[in-house]
Amino acid sequence: MDFPKEWNDYVDLDLLKDKIMPKVEREYKTTSVLPERENLFKAFALTAPEDVKVVILGQDPYPTKGNATGLAFSVSDGSKIPKSLENIYRELESDLHVKRPSNGNLEGWAKEGVLLLNSVLTVKEGKSVSHQNWGWEEFTDGAIKSLSERKKHLVFILWGAYARRKKSLISPSNDHLIIESVHPSPLSAYNGFFGSKPFSRTNDFLKLHGIEPISWSLF
């Protein structure tokens, strides 16, 4: 999957082509890298910039083969639902009374306008955060900053300390909503994630500004 041209004006293409991709392509040829090459830019491919209503930020892909899909928090059909995603579904059910899905594929959200963006887009199989400081963070930070500057009334959902550090990238002048809490991980979910109602708060904000709300039940 090539980088979607619709995003060209929102990112630093020279950084991608000259610094990041040469190293990433070598890794794909010599070792096991996740997600699969054809899914590398899936978050951008499924949600064009003009369609973005919500941004949910993750850290890096799942390091388990078959799980990483190119979408933050999402896993492939048939894969076991990770504990953090189980907790997200639990909060969704409590917040909007949406029945918990039986799979962890979040492509339906992406097609609704939810950009499921990891800060780092690749990882070595079996080794979390192995591709940090390769330039991915600078690249995705640029996308977040551009979205916040070019668009109004976006919702940024920041779960956990890592995502919350991205708050400084979000323009304060375009009337965005920032929803932040602890991470949905089992280690922290009971310390402020459960009961935070991110889904209803998102839709209330979108409706307030005349924007079609997200159908969170699409699976």
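1. Just past the end of α7, Gly 210 has a positive phi of about 70°. Keep in mind throughout that this is a predicted model.

2. Phe 199 turns up again in an aromatic cluster, together with Phe 73, Trp 109, Trp 159, Tyr 190, Phe 193, Phe 194 and Trp 216. Across the whole structure, the search gives 16 aromatic pairs. Elsewhere, Arg 150 does something of the kind with Tyr 10, its charged end sitting over the ring at 4.7 Å from the centre.

3. In soluble globular proteins, nonpolar side chains tend to be buried together. Here the largest such core counts 65 residues, and Phe 41, Phe 44, Ile 56, Trp 109, Leu 116, Trp 136 and Phe 139 have the most contacts inside it. The biggest contribution to this core comes from helix α1 (residues 13-30), which supplies 6 residues. Trp 109 is worth a click, as it is listed both here and in the aromatic cluster.

4. What does Phe 139 touch, once neighbours within four places in sequence are set aside? Its contacts are Phe 3, Val 11, Asp 12, Leu 15, Leu 16, Ile 20 and Phe 44. Phe 44, like Phe 139, is among the core residues with the most contacts.

5. On to strand β6 (residues 177-181), which has two faces. Leu 177, Ile 179 and Ser 181 make up the covered face, while Ile 178 and Glu 180 are on the uncovered one. The strand pairs with β5 (residues 155-159) in the parallel sense, over 5 bridges. In that pairing, Leu 158 stands opposite Glu 180.

6. Side chains of opposite charge can pair when their charged atoms come close. Glu 180 makes a salt bridge to Arg 164, with the closest N and O atoms 3.0 Å apart. This ties strand β6 to helix α6, across 16 residues of chain. Glu 180 also meets Lys 167 in a salt bridge, at 2.7 Å from N to O. That pair joins β6 to the loop between α6 and β6, with the partners 13 residues apart. Together, Arg 164, Lys 167 and Glu 180 form a salt-bridge network.

7. Asp 141 sits in helix α5 (residues 136-150) and Lys 166 in the loop between α6 (161-164) and β6, 25 residues apart. Lys 166 counts as buried because its relative accessibility is 11%, under the 20% cut-off. The structure has 8 salt bridges in total.

8. A buried serine next. Ser 84 belongs to helix α3 (residues 83-96). Its relative accessibility is 14%, so Ser 84 is classed as buried. Beyond residues up to four places away in sequence, Ser 84 touches His 183, Pro 184, Ser 185 and Pro 186.

9. Last, Lys 65, in the loop between β2 (54-58) and α3. Lys 65 counts as partly exposed because its relative accessibility is 48%. Leaving out neighbours within four places in sequence, Lys 65 is in contact with Ser 32, Leu 34, Glu 36 and Glu 125. From Lys 65 to Pro 82, 17 residues along the chain, the C-alpha atoms are 13 Å apart.

Terms used. Residues numbered from 1 in each chain as written. Predicted model: local features only at pLDDT ≥ 70, side-chain atom pairs only at ≥ 80, totals over all residues. Heavy atoms only, no water. Core = buried A, V, L, I, M, F, W, Y, C linked by side-chain atoms within 4.5 Å. Buried < 20%, exposed > 50% of the residue type's maximum accessible area, 1.4 Å probe, protein only. Helix = DSSP H or I, 4+ residues; strand = E, 2+ residues; numbered from the N terminus. Contact = heavy atoms within 4.5 Å. Phe/Tyr/Trp six-rings, centres within 6.5 Å; stacked < 30°, edge-to-face > 60°. Lys NZ or Arg CZ within 6 Å of the ring centre and 35° of its normal. Pairing = 2+ DSSP bridges. Salt bridge = Lys/Arg side-chain N within 4 Å of Asp/Glu carboxyl O.
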